[in-house]
Structures are given as structure tokens and as C-alpha cells.
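Biologist: Before we go through this protein, please set each value against the definition behind it, so that I can follow how every label was reached.

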Amino acid sequence: HPRTEAPHPERIHRGYRPGCQGDVVGLIAKDLLVDLPAAQAIAAERAMHQAFGELLAQLDLPGHHLWLYCEGDQVLGAIALQRDAATQRAQLGWFIVHRTVRGTGAGQMLLQAALAQADLQEQELEATLITRLDQPAPLGEAVYRKAGFAALQTQAEDLWGVPVSRTRFVRQRPAPT
């Protein structure tokens with residue numbers, strides 16, 4: 001059931017929290033892997049755990065950040081910011097909120113935390129929106145556009161063994177004031 005309660009800023013936590021890997025991967029798996037054959041879903045979830053584990057291992061490096069939206073010990077949302085040394089751009093990823101907090105502003109709070117950090121680092125910012133090909137487009141595109149991102153390209157591909165649509169967005173660094 002959707003919540004009507006406004007999100008609480010004190011529920012945003014920066015960095016690793018015990019159990020966050022399982023919670024974040026679980027949120028994504030429940031959206032992306034539903035109705036897939038078990039063997040395919042298991043392989044995809046295993047790959048997601050490996051990729052998120054790699055992110056967690058990089059959190060001590062400059063330009064790598066993670067924010068979590070939590071209620072008690074349960075993670076209900078996440079977003080990560082990773083610096084790409086080759087392009088000198090920052091990349092948003094792992095942006096997800098539990099369906100019970102969608103529309104409450106929790107996702108906006110996570111996104112604003114990441115955008116503020118990217119602006120401090122004075123980097124252009126890229127984001128990728130991933131949707132299963134057989135599912136309707138998520139609300140994420142409107143969220144990114146509202147935050148100043150422009151869609152660059154959309155392509156179909158295979159991610160973690162799942163056919164998906166990947167839309168790449170870019171946000172130019174705001175001009176100094």
C-alpha cells in the first residue's frame with residue numbers, strides 16, 4: 001500500500017550499512033527479475049550481488065558514494081555516485097526506491113544528495129535508466145528530466161542475462177554562481 005507520510009531527511013544515510021547489499025539488490029531484483037525463469041533470475045541476482053559488492057569495495061576511493069533511505073534497519077531506497085577516472089564524469093547508479101515509498105519524495109531526497117555531491121566535485125553527471133523490455137517505462141525518466149538530465153540514447157541489450165532497455169542521460173555541470 002502506498003504511503004502518504006512525507007519522507008524524513010534523517011532517514012538518509014551516507015555510506016555502507018550492514019545488510020545494505022542484500023536490501024538494495026533485493027529491491028532491484030523484485031522489480032527487474034519478476035516472472036523470469038528461476039535459473040535466469042538466480043544468475044542475474046548473483047551478478048547483481050557481485051556488481052554491488054564491487055561498488056561497496058570502492059566506497060573508500062575519491063568520488064565514490066552511496067546513500068540509503070532507511071526505516072530502522074531496512075533499506076527502502078538507494079543511490080550511488082561513482083567517478084569514472086577515464087572520462088572524469090560521475091555516474092549515478094543503483095537508484096531504486098521500494099514501491100511503498102515511491103511518490104513520497106524519498107527518491108527525490110536521494111537524488112538531491114547525489115546531485116549536490118556531484119556539483120561539489122564539479123563533474124558532468126551521467127545516469128542510466130534500466131527497464132525490462134517487456135515492462136512499461138518507469139517513472140525514472142521524468143525524475144531525471146526534472147533534475148536537468150537530457151536523454152542521449154536508448155538501446156536494447158542483455159544485462160545480467162535479462163533483456164533490458166538502457167537509456168543514458170547526461171547532466172551538464174551547473175555554471176558557477
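Biologist: In which strand is threonine 167 found?

Modeller: Threonine 167 is found in strand 7, residues 162-171, where a strand is a DSSP run of E with at least two residues and a helix a run of H or I with at least four, both numbered from the N terminus. This is a predicted model, in which local features need pLDDT of at least 70 and side-chain atom pairs count only at pLDDT 80 or more, whereas totals for chains, interfaces and linings use all residues. Residues are numbered from 1 along each chain as its sequence is written, and side-chain values use heavy atoms, with hydrogens and water left out.

Biologist: Why is threonine 167 called buried?

Modeller: Buried means under 20% relative accessible area, exposed over 50%, and partly exposed in between, with a 1.4 Å probe and protein chains only. Threonine 167 has 9% relative accessibility, and therefore counts as buried. Serine 165, also placed in strand 7, has a relative accessible area of 18% and is therefore buried.

Biologist: What makes proline 9 exposed or buried?

Modeller: The relative accessibility of proline 9 is 59%, so this residue counts as exposed.

Biologist: Which residue has a side chain joined to that of threonine 167 by a polar contact?

Modeller: The side chain of threonine 154 is joined to that of threonine 167 by a polar contact of 3.0 Å. The term requires a pair of N or O atoms within 3.5 Å; within protein, one must be able to donate a hydrogen and the other to accept it, and residues adjacent in sequence count only if both atoms are side-chain atoms.

Biologist: Which residues does serine 165 touch?

Modeller: With contact taken as heavy atoms within 4.5 Å, and leaving out residues up to four places away in sequence, serine 165 touches Leu129, Ile130, Thr131, Leu133, Thr154, Gln155 and Ala156. Under that exclusion, the residues touched by threonine 167 include Leu129 and Thr154.

Biologist: What makes a group of residues a nonpolar core?

Modeller: Such a core is a set of buried Ala, Val, Leu, Ile, Met, Phe, Trp, Tyr and Cys residues joined through side-chain atoms within 4.5 Å. The largest one has 27 residues, and those with the most contacts inside it are Val24, Leu33, Phe52, Leu66 and Leu68. Helix 1 gives the most to this core, with seven residues. A second, separate core of 22 residues includes Trp67, Leu76, Ile79 and Tyr144.

Biologist: How many residues of each class are in the lining of the second largest pocket?

Modeller: Its lining has five nonpolar, four polar and five charged residues, where Ala, Val, Leu, Ile, Met, Phe, Trp, Tyr, Cys and Pro count as nonpolar, Asp, Glu, Lys and Arg as charged, and the others, Gly among them, as polar. Helix 1 provides the largest share of that lining, six residues.

Biologist: How many helices and strands does the protein have, then?

Modeller: The secondary structure comes to four helices and seven strands, following the pattern β-α-α-β-β-β-α-β-α-β-β along the sequence. Of the 177 residues of the protein, 40% count as buried.
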